[in-house]
Amino acid sequence: MADIFSFTETDPDSLGATWGPLRLHRLHWQPGCDLPALLDEWEPRLTHPGDPDTAAVVTLPSHADALPLIHRGFAPLTVIAERLAGRSPAPRPSEVGVRAATWDDLDVVVDLNMHTVRYDTAFGMVTERPNTAEHLRSALAEVLDRDHEAMWLAVSGDTPVGMIYVDMPQDAGWMERFASAQPFAYLGHLGVRPDARGTGAGSALVAHAHSVLDDAGVAATLLHHALPNPRSTPFWYSNGYRPRWTVWARRPALRPSPGVSSRPERPSGT
């Protein structure tokens, strides 16, 4: 069953430690599998009872029967949604402008990403680490270093208030198994400064990115969004996205047995 069950540990000194728990158990769903039986077989393999830096994760098609997961204490935390080319609303009037980000904006885009990390931390999977900003700086510098535009800023006057970036098809291959059309892109981040929410900055950024993607002949765009986030679902679906896959998670991966005290050691890197 090595292809069904997996366990990975993430280096706490990496950006990956921000996007999920340090210790991750996965059950790799396959069409036609007996999910309840697999979940029962998986349970004894889970480790670190009570450790909040572990999670058990199953990714299912969004319209699949998820009752076996609900009955075992899993919650839907993340959705992989997809937008097909041309499926967007008409651009909304906005006083917010959009321009390409440059190397001079690196401090700004790191700060905008950190606002999003801190906001999304409340919804279950993202975890701000002491080194998150440092690793985001390196990752965003790589995006800015690409030989094609992939990151844009929303500006109010001369002040950046939001940002968006995408992995164009040549950079998005890691998401191939989730795409229904080719070529496809991946929308890696959209964030608006807390004091600029509701100004139309997010909508202006998305409309601009979609226009660039459609003009480039990109057939589909994928993204992850936090399902418990009350802003994400209505926003993305009003912009043409539809749920394709749902990530169900239980965190901690294994709950302590009743009557057993569990005080996990403080995870490294936190």
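Reader: Hi! What should I know about the model before we start?
Author: It is predicted, so local features need pLDDT of at least 70, side-chain atom pairs count only at pLDDT 80 or more, and totals for chains, interfaces and linings use all residues. Residues are numbered from 1 along each chain as its sequence is written, and side-chain values use heavy atoms, with hydrogens and water left out.

Reader: Thanks! How many salt bridges are there?
Author: The count is 14, where a salt bridge means a side-chain nitrogen of Lys or Arg within 4 Å of a carboxyl oxygen of Asp or Glu.

Reader: Which residue does Glu82 pair with?
Author: Glu82 pairs with Arg244, and their closest N and O atoms are 3.5 Å apart. Glu82 sits in strand 4 (residues 75–84) and Arg244 in strand 10 (residues 242–250), so this pair ties together parts 162 residues apart in sequence. Strands here are DSSP runs of E with at least two residues, and helices are runs of H or I with at least four, numbered from the N terminus.

Reader: Is Glu82 buried or exposed?
Author: Glu82 is buried, at 5% relative accessible area, while Arg244 is partly exposed at 33%. Buried means under 20%, exposed over 50%, and partly exposed in between (1.4 Å probe, protein chains only).

Reader: And what about Arg83, which residue is its partner?
Author: That's Asp214, with the closest N and O atoms 2.8 Å apart. Arg83 is in strand 4 and Asp214 in helix 6 (residues 201–215), so they link parts 131 residues apart in sequence.

Reader: New topic: which residues form a network?
Author: Asp53, Arg129 and Arg251 are linked by a network of salt bridges.
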